[in-house]
Amino acid sequence: MNAPLTQPLVFHPAPAQDELARRLRDAVRGEVLFDAASRGRYSTDASIYQVEPLGVLVPRTMDDVDAALEVCRSLRVPVLPRGAGSSQCGQTVGAALVIDHSKHLNAVIAFDPDAATVTVQPGIVLDQLNAWLRDKGVWFPVDVSTSAQATIGGMAGNNSCGSRSIAYGNMVHNVHAIDATLADGTQARFGPEADMRDAVPRVREIVAALRAIAAREHEEIARRVPHVMRRVGGYNVDIFAPQSERPYTRDGSANYAHLLVGSEGTLAWSRALTLKLAALPAHRTLGVVNFPTLYRAMECAQHLVKLAPSAVELVDRTMIDLARSNPAFRPVIDAALIGEPEAILLVEFTSEERADALSRLDHLIGLMGDLGLPGAVVPMREAAPQKALWDVRKAGLNIMMSMKGDGKPVSFIEDCAVPLEHLADYVDRLTQVFAKHGTRGTWYAHASVGTLHVRPILDMRRDGAAKMRAIAEEAGAMVREYKGAFSGEHGDGLVRSEWVPWQFGPRLTHAFEEIKDLFDPGRLMNPGKIVRSTRMDDASLFRYKPGYRALPLETALDWSEWNVHADPVADTLTPPGSGGDPAQGFGKAIEMCNNNGHCRKFDAGTMCPSYRATRDEQHLTRGRANTLRLALSGQLGAQFASEAVRDALDLCVSCKGCKRECPTGVDMAKMKIEFLHQWRTVHGLSLKDRLVAHLPRWAPWAARWPWIANARNRVPGLAALSERWLGIARERSLPEFRRDTFLGGPATGEAVDNPDVVLFVDTFTNYYEPENAHAALAVLQAAGYRVAVARSPDTRPLCCGRTFLASGLVDEAKHEARRVLSALAPHAARGASIVGLEPSCLFSLRDEFLSMKLGPEARVIAERALLFEEFLAKEKRAGRLDLPLKPLTQTRALLHGHCHQKAFDAMPATREVLALVPNLKVDVVESSCCGMAGSFGYEARHYDVSMRMAELSLLPAVRAADPDTLIVADGTSCRHQIGDGARREARHVARVLADALSTTRACAERSTAAARRA
Ligand SMILES: Cc1cc2nc3c(=O)[nH]c(=O)nc-3n(C[C@H](O)[C@H](O)[C@H](O)COP(=O)(O)OP(=O)(O)OC[C@H]3O[C@@H](n4cnc5c(N)ncnc54)[C@H](O)[C@@H]3O)c2cc1C
Ligand code: SF4
Ligand code: SF4
């Protein structure tokens, strides 16, 4: 395809950036970010592009936005509105002032239950809006997969569509009005025709001109605008005569807000959006139809929609396999399968009546029999399994993006929409096109509306651009043949604006340019999108531009797993270490972040606590990965170990939330260790960091004279001095050293031959809370296990090396790890379980030990290492646990999980074990990180953010708990934070169980164990 590009993209001459920055700083209260790292963090979205903005504004108020628009107008600087930046087509990157409305402009402005509308600021996130609406019985039903991060402003900008669009339509069908500011400062409400009559003259002129254009192009609109619901390319020039299968308004009248919907920030800045709400569906049922071939699934889609489902979503074989390789998704997807299908369709029905929803599910089962596939449906009648399966489907793209190697699934024909009767042929033919170009694609998503997502795997650093164009041209020809839409969901941006003339023809393209100039004659609003675009394969705009290369780096940790090449057709990887990354795989691990923005979620899980507390892109997993990538590829200067990276990683609490929850497995905690190692090599270590890191080495002395070590907490003035000299927050008490350490006490357990369990007592438990180790030992012995206590042949207790890792002292950590290996390897080789109490220490054995190049023994230890409650739960599931427990005086417990417990999925075990205590009802706090995170919360410069993290949910939940409620937390620092912030004592789960030990039985067991030892 050689689309005629109407005009090359011309940016207005930019004034010196410092003049822009200075003028903005004078004019606004929000954050004005012009440093290279901040601009770098806003130079990408979830597309393949990277364009550095002139600067970034995070406005505090709408007045800030108005003031910024005025400054930009007077300096003739382009403006680019941005929400979560999760666009896939490059809509939110450009050489402009980026205005990020997601941090502060996210309020609900008005709710009208009678009209069933809500008016919101543009930065509110869909899931947060729906959480706010839930108890009102309504929801905003455009349920995009990125609902946890997508902002309403961005959703309107892209005319987004959800899985249930067959029932509810796209954004254009659900936006009632938009209060907007034009580039010239005009403020106006765009909405139904009637609302426009009182508009200011400038807007009345626009309205008149729009009508004239629409009347003039009436026939061309009917001829050129695809007659499918999923069409989001170009401007909605058809508002006067909708071409969509679903009318934009109930009475067919024009609504001028609909022209702004899908305009990708090129026409106006949306300051408030009034949305139509739908009743929350009372009942849902789901039928999972299993198909022997993808073709058959696609053929059936046209018949299934006749049952009036609210969604028909495809998951293909590759996606099924990828989901099965994820431990969290495997049981969910397995429950939906009958045998080994090549594809499944998720067919959902909603109804006010449960009986109706059930009977429609029965109709589906009947229909599949009629279509020659009897017994192909897995019915899901209850909400829990349905939600679990929808979560897997929503994670579809992200699951796919977890592919290692330089070849990645690339979005450019990912949302072509074709009429349902052609879907099967389209899929079949496009699959052959992929094969011809030496690649393949994974198919999934909205079969109900003919919008299947598919991303061929391309290597954009090598021959990807040429293949992208060739495939796009062949796909485009098919879409035209089938009278479909080239852009059915994700918009135009940089990747598809070039295709607007191809899809709509020269007359409508000219009409689009007229519309753009009507609203924005100075061409300041997000230039180069939809009209007057660059080419999709302009490599100077790529994230991985020609010549992109990571700097050579000698890494301290093992990153070879990422240093591979992938063959997309054979679906194979070359051996670890063979990928040619000059940074030994560290570069490729960082590049796994595809900018989808899932780490911006707030709803559940842990990731990312520092973003939750600050809402800053810099303090987000994505912002960190981008900063690392820019630095490692020399885009922030020659020095990788730079202050920009240090600052971006500063608030990372190493919670490992991203390791588990980031769909592509970005493990920022591990990256932080690597960076700190590189940083220390260049910049050395501060006194405070040295003290914290070496704690396990000086702790024996502190325990010998605890009154000296603990004086800082007691002697007035010392806390203030510790802040001045060491940077330890004066507001904090420090954990107190004990003389009666566990390992220094009477020898317990160590003489056992062939123990079942080796208790690994970490530094914190040993020196600060030995009673936890005593409790664990008592419980394990009461349950009849032979327990040995892990000891080193030298006099100093064993240590996992965590404090050294937290300071980037990897060599010291390795030294400690080797001591642990030599003490525990013989036990592990014999099959004994290694049981620990402090999550961050125990999980080091399972995680960091495997990255420190320690040899095969580390894997044996990792396989045997279990948290105390994981061990008990495992024994219980195997029917081997006989633990005599009696009820406690408390009947309720509130459990806060340590981040690493959550990251390693140990929370179910903790709950299971607490459930062994008779009559104890356990509630779990839906909390992220407690904010203490090792030494993080004790540091003066982190104190505020540490408390903000704790105040997000943990401390309010603890304060709200009844005084008789047991507060349970396994992490030493979590317990300390709870004590500091809520003045409540929290207990390790081992102590709860020890308190519940039925004393008679326990004594008997203890004497038996003692007898055995003797
Ligand atoms: C993994 C993944 C899955 C996705 N799934 C879906 C899906 O199911 N359905 C779907 O439709 N999309 C999907 N998308 C695309 C994207 O998430 C959606 O389009 C989303 O609605 C964008 O929201 P955002 O806040 O990130 O907007 P942004 O990307 O920040 O902005 C989107 C556009 O709106 C403009 N804009 C933002 N705010 C304003 C404002 N105040 N005034 C004027 N213009 C503004 C921007 O300039 C930009 O052009 C997916 C993306 C990813 C990465
Ligand atoms: S860090 Fe992970 S979750 Fe965040 S944007 Fe990158 S890939 Fe997505
Ligand atoms: S380790 Fe935790 S704090 Fe750090 S980036 Fe990941 S989720 Fe955020």
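A residue counts as near a molecule if one of its heavy atoms lies within 4 Å of it, and the shell around ligand 2 below rests on that cut-off. Welcome to a predicted model, where local features need pLDDT of at least 70, side-chain atom pairs count only at pLDDT 80 or more, and totals for chains, interfaces and linings use all residues. Residues are numbered from 1 along each chain as its sequence is written, ligands are numbered from 1 in the order in which they are written, and side-chain values use heavy atoms, without hydrogens and water.

**Ligand 2**
- Around ligand 2 sit Cys 593, Asn 594, Asn 595, Asn 596, Gly 597, His 598, Cys 599, Thr 621, Arg 622, Cys 662, Pro 663 and Thr 664.
- This shell has four nonpolar residues, seven polar and one charged; Cys and Pro count as nonpolar, Arg as charged, and Gly as polar.

**Nonpolar cores**
- A nonpolar core joins buried Ala, Val, Leu, Ile, Met, Phe, Trp, Tyr and Cys residues through side-chain atoms within 4.5 Å, where buried means under 20% relative accessible area with a 1.4 Å probe, protein chains only.
- In the largest core, of 78 residues, Phe 586, Phe 760 and Leu 845 touch the most other members.
- Helix 35 (residues 810–830; a DSSP run of H or I, at least four residues) gives the most to this core, with nine residues.
- A second, separate core holds 62 residues, including Val 312, Val 347, Cys 416 and Ala 447.

**Helix 15**
- Buried here are Gln 386, Leu 389, Trp 390, Val 392 and Arg 393.
- On the other side, Ala 383, Ala 384 and Lys 387 are exposed (over 50%).

Methods:
Helix = DSSP H or I, 4+ residues; strand = E, 2+ residues; numbered from the N terminus.
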